Amino acid sequence: MLYNMHERQIELRQPAPASWRRWLRWLGGHLAALVAVGGAIVLWAWLVEWQQYPPFILPSPARVWQKFGEMASAGDLWRHIGATLAAIAGGLAVGVGAAFSLGYVLGKHPRLERLAAPYIVASQSIPIVAVAPLVVIWLGSGLASKVAVTALITFFPALVATVVGIRSVDPDLVDLMRSLRATRGQILWKLELPAALPIVLGGLKLSVTLAVVGAVVGEFMGASAGLGYLISLGRGILDTPLMFVAIGLLVGIAQALYLTVVLLENRLLRWQR
Amino acid sequence: MTPPIFVADHISKKFVDGRPLQALLPVSFQIEAGEIVCLVGPSGSGKSTLLRIMGGLMASDGGAMWFAGQPHRAPNPAIGFVFQKTNLMPWRTVLQNILLPLEVQQKKVTDADQGRATALLAAMGLGGFEEAYPRQLSGGMNQRVVLARTLLQQPRLLLMDEPFGQLDALTRERLNLELLRLQAAERMTIFMVTHSITEAVLLADRIFVLSERPGRLAEQVVVGLPRPRTLAMINTPAFGAVALHIRGLIGEHGEREAEPTQSSF
């Protein structure tokens, strides 16, 4: 009886909105975003119409869409998208993977971190566009150099987040695990990873968006495929609609990656809400 | 007569981080099985240090300890720990939290364990909260979850570091009585650090008084009050006499932190 009362108390504290209301709110939030995007496109179309810009300065939305259709049906586009996605995926795997492992070690050993921090920060003070040509010289103009540039740019945010995340582990919980005679592996899986996860996922959000930048920079420096290569190509032959198509696709990829991390957050950090 | 469950022989601690700091002078004592011992003393007297050494979380500089007749150094699953702060994992539900010790120790949690856990939660007034997360519960409820987690391990010795220090007076009283009931039912041995003289007198068979830093056992006081203890006893002359005696001992060795006898309740 008493416990039922407690249960009701919890429900009161977190009132579940009626499902239709929640749905309406969801629609409201997304409707605003859709209206904003639609408005921007209308404005863009109107601007082109009004100023009579030639397509190589500013193509109309219809023109860009038409270009996209042509490229998609020619089949060439998928090869370019695939190349960029491969660079992003490989770069994220290498960069974020390295950041997680090094971040874990540095997070556990503050003295080591003080030793390594100046070098890590220095490496970040050199713009990626300055390093990318070197990487291409060393690794060639194939996929490897794109993966390397992407890895370099995604490394830092993930590293910082991992160090901070591991530092944030509650020392009382470490004591608890020790008093239970937990093994190192158990401490890692049952305590450190879940405790660091919220901060690590925050860093991952930055890394995935930067990964798109890294892949494009890599492709700029010499490539035969990829969306960055298309932009570079479009600039050379003044095919501005082509550049718009590539940019639009890059934005789409970045959005999709970011959204993936957000969904991951919603799933893994349910306990925070 | 059965041998004492815990023996400490000249355990001490000095911290050398910059200026050396003698936190705990060599102390020796023994705890009998089934006994409740409370440790009181001014802050900075090394209470938590002593408890951490007893739990094997910190090495003693010298001396030796025996637990259940065996030399004791490292953490032991038969020694349960309740810290001052409720140390629940916020990403685990209540049920997952209290099953953690079993998960760590036996790798596989059986259905029987789950049943035992659920029954224990119900017995402690936490029935129906198995799937709640710690942040959805009040401080007192969370501390009860911590207690349930420790009890599920069925420890022979329970070390408690000001377990109810951050709770309001009413919740604290209720949990004190609950602890007494559980201790009597399970025949557990409890060693508890507390700031509250009243709490110590209410719970303990014996009270160790630790002097100001460096910590040293000033006296071991036997509380002669009958069991089961009740809250009504707090207002009896016998209770007052013991409390006053301890109050005096702490006063002798430094007035700083210890609270007036009644204020904590």
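Strand β1 (residues 6-17) of chain B is joined to strand β4 (residues 64-67) of chain B by four bridges, and the two strands run antiparallel. Helices (H or I, at least four residues) and strands (E, at least two) are DSSP runs, numbered from the N terminus, and two strands pair if DSSP finds at least two bridges between them. The model is predicted, so that local features need pLDDT of at least 70 and side-chain atom pairs count only at pLDDT 80 or more, while totals for chains, interfaces and linings use all residues. Residues are numbered from 1 along each chain as its sequence is written, and chains are lettered from A and ligands numbered from 1 in the order in which they are written.

In chain B, the order β2-β1-β4-β5 describes an open sheet of four strands with antiparallel pairing. β2 (19-31) and β5 (70-71) of chain B stand at the edges with a single partner strand each, so one side of each lacks a neighbour in the sheet.

Turning to the helices, the axes of α4 (residues 139-152) and α5 (residues 169-186), both of chain B, come within 11 Å and cross at roughly 15°. Axes here are lines fitted to C-alpha atoms, for helices over the stretch in contact, and angles run from 0 to 180 degrees between N-to-C directions. α4(B) and α5(B) are therefore roughly parallel to each other (angles under 35 degrees). Where they meet, G140(B), Q143(B), R144(B) and L151(B) in α4(B) face T171(B), L175(B) and L182(B) in α5(B); residues are in contact if their C-beta atoms, placed from the backbone, lie within 7 Å.

Finally, V201(B) has its place in helix α6 (residues 197-203) of chain B. V201(B) is buried, with 27 other C-beta atoms within 10 Å (buried means 20 or more such atoms, placed from the backbone). Leaving out residues up to four places away in sequence, V201(B) touches V223(B), F239(B), V242(B) and A243(B). V201(B) and V223(B) lie 22 residues apart along the chain, and their C-alpha atoms are separated by 6.7 Å.

Methods. Parallel < 35°, antiparallel > 145°, perpendicular 65-115°, else oblique. Contact = placed C-beta atoms within 7 Å. Buried ≥ 20, exposed ≤ 12 C-beta atoms within 10 Å, placed from the backbone.
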